[in-house]
Amino acid sequence: MTTAQDSTRSEQEQQDGRGGRRALVVRGGWDGHAPVEGTDRFLDFLRGSGFDVRVEDSPAVYADASVMADVDLVLQSVTMSSATDEQVAGLRAAVERGTGLVGWHGGIADSFRASAEYLQLIGGQFVAHPDAPVQHSIDMTDLGHEHPITAGLDDFTLDTEQYWVLSDDLNDVLATTTHTARGQWARAVTVPAVWTRAWGAGRIVVVTPGHDVQILDHPSVRSMIERGVLWATEDRPATATDDTAAVAR
């Protein structure tokens, strides 16, 4: 039987972001990408958007079926690490069921290099960042001008690592970046910089800028990640910022 106290507690949990949707933040790997400090920047946003947040310091949680069954969102920042076949299978299964997966830079595009199953899930792999850091532009595609994650954002310039990635055509590319001709590269090479990917019932968002917290604090980079969280979970919380909520609608 539900008591008045239980009802009050439930209402408070909803206000606090507990008892609602569940976000799993998985971080670790190479410390050079500041996985703890970087993901910490988005915890208040997640809670304010109605998520009950759980933080794990390794991908081991992916193999826990009881946990993954209730996860609505995975926010991952794990660079140059490894995951077992069981862990990758658990993540893939969750996304196939509808869990959103969002990440940035090497924390999602250079996580588990030895796993072909993970690379297939993500749809792209970091290979190099020639002449890093280098000033370069992030250029919106035609789709990017219309997509809720990037609509209303202009092309912008960063002075940081410029990722060269290998990818496939299942990705919906929202922004690109172009590497200038140099050395043995006879002509400029344009590669995806921001993309989404459908995997079963799930949505994946990859934002390649994000080498350090200064880049994560860039308004356009942060906006793409936060909008990506909302889009990947198919929700437009009333607590979102006016700009984000307006674009997401």
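**Sheet, salt bridges and rings**

Reader: Which residue in strand 10 is the bridge partner of H179?
Author: Happy to start there, with the reminder that this is a predicted model. Strand 9 (residues 172-179) pairs with strand 10 in the antiparallel sense, over seven bridges. Within strand 10, H179 has as its bridge partner V189.

Reader: And on to strand 11: how many bridges join strand 10 to strand 11?
Author: Strand 10 covers residues 189-199 and strand 11 covers residues 202-207, and the two run antiparallel. One of the facing pairs is W199 and G202, the latter in strand 11. The number of bridges that join the strands is six.

Reader: What about W195, which residue of strand 11 is its bridge partner?
Author: W195 also has a bridge partner in strand 11, the strand that runs antiparallel to strand 10. That partner is V206.

Reader: In the hairpin of strand 10 and strand 11, which residue takes a positive phi?
Author: This hairpin leaves two residues between its strands. The phi angle in question lies near 60 degrees, and the residue that takes it is G200.

Reader: How many of the 11 residues of strand 10 are buried?
Author: The rest of the structure largely encloses strand 10. This follows from the share of its 11 residues that are buried, namely eight.

Reader: Is T176 buried or exposed?
Author: T176 is found in strand 9. Leaving aside residues up to four places away in sequence, T176 touches a number of residues, among them S137, I138, T190 and V191. Its relative accessibility is 18%, under the 20% cut-off, so T176 counts as buried.

Reader: Turning to charges, how many residues apart in sequence are the parts that R27 and D40 tie together?
Author: The side chains of R27 and D40 meet in a salt bridge at 2.8 Å, N to O. R27 lies in strand 1 (residues 21-29) and D40 in helix 2 (residues 35-40), so the parts they tie together are apart in sequence by 13 residues.

Reader: How far apart are the closest N and O atoms of D57 and R27?
Author: At 11% relative accessibility, R27 counts as buried. D57 lies in the loop between strand 2 (51-56) and helix 4 (65-68), so its pairing with R27 in strand 1 ties together parts that are 30 residues apart in sequence. In their salt bridge, the closest N and O atoms are apart by 3.6 Å.

Reader: Which residues do salt bridges that share partners join into one network?
Author: One member, D57, counts as exposed at 58% relative accessibility. Through shared partners, salt bridges make a single network of R27, D40 and D57.

Reader: Now the rings: what is the angle between the planes of F126 and Y163?
Author: Four aromatic pairs turn up in a search of the whole structure. F126 and Y163 form a tilted one, with 4.2 Å centre to centre and an angle between the planes of 35 degrees.

Reader: What kind of aromatic pair do W164 and W185 form?
Author: Both partners have 24% relative accessibility, so W164 counts as partly exposed and W185 does too. Their centres are 5.6 Å apart and the planes make 70 degrees. Planes over 60 degrees apart fall in this class, so the pair is edge-to-face.

Reader: Finally, how far from the ring centre of W231 does the charged end of R203 sit?
Author: Two arginines are worth a look here. R21 lies over the face of F51, 4.0 Å from the ring centre. The charged end of R203 sits over the ring of W231, and its distance from the centre is 4.3 Å.

Note on methods
Residues numbered from 1 in each chain as written. Predicted model: local features only at pLDDT ≥ 70, side-chain atom pairs only at ≥ 80, totals over all residues. Heavy atoms only, no water. Salt bridge = Lys/Arg side-chain N within 4 Å of Asp/Glu carboxyl O. Helix = DSSP H or I, 4+ residues; strand = E, 2+ residues; numbered from the N terminus. Buried < 20%, exposed > 50% of the residue type's maximum accessible area, 1.4 Å probe, protein only. Pairing = 2+ DSSP bridges. Contact = heavy atoms within 4.5 Å. Phe/Tyr/Trp six-rings, centres within 6.5 Å; stacked < 30°, edge-to-face > 60°. Lys NZ or Arg CZ within 6 Å of the ring centre and 35° of its normal.
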